[in-house]
Amino acid sequence: MTGALCYISVLYKSASLMMFGYAGAALLIFACLFLIYRRYTIRCSITFPISIAECGKPLTVRILLENAGGLPCIRFRCLLEQKNHFLNHRQKEWLWGGPAAAGTNSFDYSLVIEDFGSYEVMLKKIRIYDLTGLFYIHKTVKCKGAVQVLPKMQEIGVHLSQAAGNFFGESEVYDDFRPGDDRSELFQMREFRRGDKMQSIHWKLSVKQDELLVKEDSMPKACPVVLFLDYKNEKRIREERVNAYLVILASISFSLMDVGCAHYAAWYSNRREDIVRVRVDDEESLFLFLSSYLDETFERHEKDLIQVYREKYRGENYLYAFVLNERLQLWKNGEKIMKFHLEDWKKELEELEIVL
């Protein structure tokens, strides 16, 4: 418009149109300088009131905009990028906001996440508009926050035998209620009873207390089950299959924990280039395992998980090795016990029974 006014004013030799042209040019220069100034006076950050979301339900994203300039910001646009670590997918979305007065301003948005996983939500850039709302300038921000969408856990039938319930082996975790035969850890000191061995008497402490005291050794809480998560990225990733895979593994681990069966969840980490395992025996360790696993980025590998596990943890015994792969096949000690179909996997998971 400024160029057209200047051209017409020269063509018709109109001083009034030339003045309008000069005014338009001055407005352009003022808008440009104002936007450059505004670019340095506005700062943005992103927070999440709740960092754990439910799949398919709105998640509140809060953008804090600090306006250090004296004039309000009429409107702005923010570019948000969601990155799913597990699926290695990215999704971008522009959000409108404004007006923002001088000082700190808070803007809440609803973000719906459709897949399970660990997400990194990054505020990449912001478009700052001038007072007319016509011109804008970009500012790179790059602030981020973490959100986790944990898979839903479904209770399945687990039948725990006496051998699995009283499994004995080496472990760094000990029973808080029962004594055992591991002399490397002291369970408690108690008074001498008829039938106790003389070797178990703590002679120095007995002399100090003027009574016979006996040392009771601890009982290691070994894991009879190892759950191997053999997920390998497919060429064509199907979100429905990945969501089913995550729900199945979470349900199996939860159900084992619920009946009191301590177990290891093990997988090959491309980030560490080694096998990783997490012990699961309560809710806290279950969520630790799920959070750690969802943070992984998977690539195609030809590692034999059981073989790599035995090489790393030599001499450690277990009773059952469960393997769940990306084709939704569940194996127990080398025998396939279930093949989940993508159309009926929820019903098949309800009918699944694990006998230990």
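Select Ala321 to begin. Ala321 is buried, because its relative accessible area is 6%, and the cut-off for buried is under 20%. Keep in mind that this is a predicted model.

**Stop 1: around Ala321.** Colour strand β15, and you will find Ala321 in it. Now show the neighbours. Setting aside residues within four places in sequence, Ala321 is in contact with Val226, Phe228, Ile306, Trp331, Lys332 and Asn333. Pick Phe228 from that list. Ala321 and Phe228 lie 93 residues apart along the chain, yet their C-alpha atoms are separated by 7.1 Å. Draw that distance in your viewer.

**Stop 2: Leu328.** Move along to the loop between β15 (320–325) and β16 (329–332), where Leu328 is found. Check its backbone angles. Leu328 is not a glycine, but its phi is positive, at about 60°. Is Leu328 buried or exposed? Leu328 counts as buried, because its relative accessibility is 0%.

**Stop 3: Lys142.** Here is another residue with a positive phi. Lys142 has a phi of about 55°, and it is not a glycine either. Look for Lys142 in strand β7, which covers residues 136–149. Lys142 counts as exposed, because its relative accessibility is 62%. The cut-off for exposed is over 50%.

**Stop 4: a cis peptide bond.** Select Gly98 and Pro99. What kind of peptide bond joins Gly98 and Pro99? The bond is cis, with omega at about -10°. Pro99 sits in the loop between β4 (89–97) and β5 (103–112).

**Stop 5: Glu239.** Jump to helix α5, where Glu239 is found. Glu239 counts as partly exposed, because its relative accessibility is 26%. Which residues touch Glu239, once neighbours within four places in sequence are left aside? They are Leu87, His89 and Asp115. Select Leu87. Between Glu239 and Leu87 there are 152 residues of separation in sequence, but the C-alpha atoms are 8.0 Å apart in space.

Stop 6: Asp258 is partly exposed, because its relative accessible area is 43%.

**Stop 7: a nonpolar patch.** Keep the surface on. Select Leu28, Ile29, Leu33, Ile36, Tyr40, Leu134 and Phe135. What do these residues form on the surface? They make up a nonpolar patch, with about 730 Å² of accessible area together. Zoom in on Phe135, in the loop between β6 (117–129) and β7. Phe135 counts as partly exposed, because its relative accessibility is 32%.

**Stop 8: salt bridges.** How many salt bridges does a search of the whole structure find? The search finds eight. Visit some of them now.

- **Lys57 and Glu54.** Their closest N and O atoms are 3.4 Å apart. Lys57 is partly exposed, with a relative accessible area of 46%. Glu54 counts as partly exposed at 46% relative accessibility.
- **Asp108 and Arg62.** In this salt bridge, the closest N and O atoms are 2.8 Å apart. The pair links distant parts of the chain: Asp108 is in strand β5 and Arg62 in strand β2 (residues 58–67), 46 residues apart. Asp108 counts as partly exposed, at 46% relative accessibility. Arg62 is partly exposed, with a relative accessible area of 28%.
- **Arg279 and Asp281.** The closest N and O atoms of this salt bridge are 3.0 Å apart. Arg279 is buried, because its relative accessible area is 14%. Asp281 is partly exposed, with a relative accessible area of 29%.

**Last stop: a network.** Select Glu81, Arg90 and Lys124 together. What links Glu81, Arg90 and Lys124? A network of salt bridges does. Show the side chains and trace the links among Glu81, Arg90 and Lys124.

Key:
Residues are numbered from 1 along each chain as its sequence is written. This is a predicted model: local features need pLDDT of at least 70, side-chain atom pairs count only at pLDDT 80 or more; totals for chains, interfaces and linings use all residues. Side-chain values use heavy atoms; hydrogens and water are left out. Buried means under 20% relative accessible area, exposed over 50%, partly exposed in between (1.4 Å probe, protein chains only). Helices (H or I, at least four residues) and strands (E, at least two) are DSSP runs, numbered from the N terminus. Contact means heavy atoms within 4.5 Å. Patches are made of residues with over 30% relative accessible area and no salt bridge: like charges are joined within 9 Å, nonpolar side chains (Val, Leu, Ile, Met, Phe, Trp, Tyr) within 5 Å. Accessible areas come from the Shrake-Rupley method with a 1.4 Å probe; for residues, only the protein chains shown count as cover. A salt bridge is a side-chain nitrogen of Lys or Arg within 4 Å of a carboxyl oxygen of Asp or Glu.
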